Amino acid sequence: TRPFRIDDYIKVGEYEGTVEDIRIVHTRIHTIDNKVIYLPNGTVATSSITNFSEKKLRRLDLTFSVSYEEDFRRAQALLLELCEKHELILKDPAPTVRMSAHSASSIDLTVRAWVANADYWTVRFDLLEQVKTAFDEQKISIPYSQLDVHIKDLPTAENNEKSK
């Protein structure tokens, strides 16, 4: 079987990159941070392989959190509007935005949008930036981890003397 070809972007175990060469003994991949990794074909044959290039379309899944105090429907509509306006997001199948979790400090909204494989990273980065800007403009708060500390009355030296 040939689960990948030269120029495919793959992930084998913990390594991912573009296949540059396939030899009898090893497969050479080039990572996005300009490293070259030689994977022994024995390891490749016994590992799970994810081929990101095999299909022309790829679904982009992003999750955005809003505060419980926010109207999640307003945030949901805004996210869907951003997807519909983005020229690289496919109209068919249509993007969806649904509530995906009631988290500890937020309501999580998941965006699912189909894009051409080659546009995946561009759309991902665009949406991350556009959502932050739009949430700021619309004053939709994005929750962040907080720690509330409650201090109890501690016995003072004076109170200790009185109790003796």
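**Notebook: a look around a predicted model**

I started with Asn34, which is found in the loop between strand 3 (26–30) and strand 4 (36–40). Helices (H or I, at least four residues) and strands (E, at least two) are DSSP runs, numbered from the N terminus. I noted that this is a predicted model, where local features need pLDDT of at least 70 and side-chain atom pairs count only at pLDDT 80 or more, while totals for chains, interfaces and linings use all residues. Residues are numbered from 1 along each chain as its sequence is written, and side-chain values use heavy atoms, with hydrogens and water left out.

**Entry 1**

I looked up the phi of Asn34 and found it positive, about 70°, although Asn34 is not a glycine. Asn34 is exposed, with a relative accessible area of 60%. My cut-offs here: buried means under 20% relative accessible area, exposed over 50%, partly exposed in between (1.4 Å probe, protein chains only).

Next came Lys139, in the loop between helix 3 and helix 4 (157–162). Lys139 has a positive phi of about 55°, and it is not a glycine either. Lys139 is exposed, at a relative accessible area of 67%.

Then I checked the peptide bond from Asp92 to Pro93, which is cis, with omega near 5°. Pro93 lies in the loop between helix 2 (72–85) and strand 7 (96–102). I wrote these down because most residues other than glycine have a negative phi, and most peptide bonds are trans.

**Entry 2: salt bridges**

How many salt bridges are there? I took a salt bridge to be a side-chain nitrogen of Lys or Arg within 4 Å of a carboxyl oxygen of Asp or Glu. By this rule the count comes to eight.

I followed a few of them. Glu20 pairs with Arg28, with the closest N and O atoms 3.0 Å apart. Glu20 is partly exposed at 32% relative accessible area, and Arg28 is partly exposed at 23%.

Asp21 and Arg23 meet through their side chains in another salt bridge, 2.6 Å from N to O. Is Asp21 buried or exposed? I found Asp21 buried, with a relative accessible area of 13%.

Asp61 forms a salt bridge with Arg59, where the closest N and O atoms are 2.7 Å apart. Asp61 counts as partly exposed at 31% relative accessibility, and Arg59 is partly exposed at 35%. I also saw that Arg59, Asp61 and Arg112 are linked in a network of salt bridges.

**Entry 3: the largest pocket**

I looked for open space next. On a 1 Å grid over the protein atoms alone, a pocket is an open set of points with protein on both sides within 12 Å along at least five of seven lines, and lining residues have an atom within 4 Å of a point. The largest pocket has a volume of about 180 Å³; grid points are joined across faces, edges and corners, and a volume is the space filled by probe spheres set on the points.

Its lining includes Thr1, Phe4, Ile22 and Asn41. Which element gives the largest share of the lining? I found that helix 1 (residues 41–45) does, with three residues. By class, the lining has six nonpolar, three polar and two charged residues. For this I counted Ala, Val, Leu, Ile, Met, Phe, Trp, Tyr, Cys and Pro as nonpolar, Asp, Glu, Lys and Arg as charged, and the others, Gly among them, as polar.

Terms used
On a 1 Å grid over the protein atoms alone, a cavity is a set of points where a 1.4 Å probe fits but cannot get out, and a pocket is an open set with protein on both sides within 12 Å along at least five of seven lines; lining residues have an atom within 4 Å of a point.
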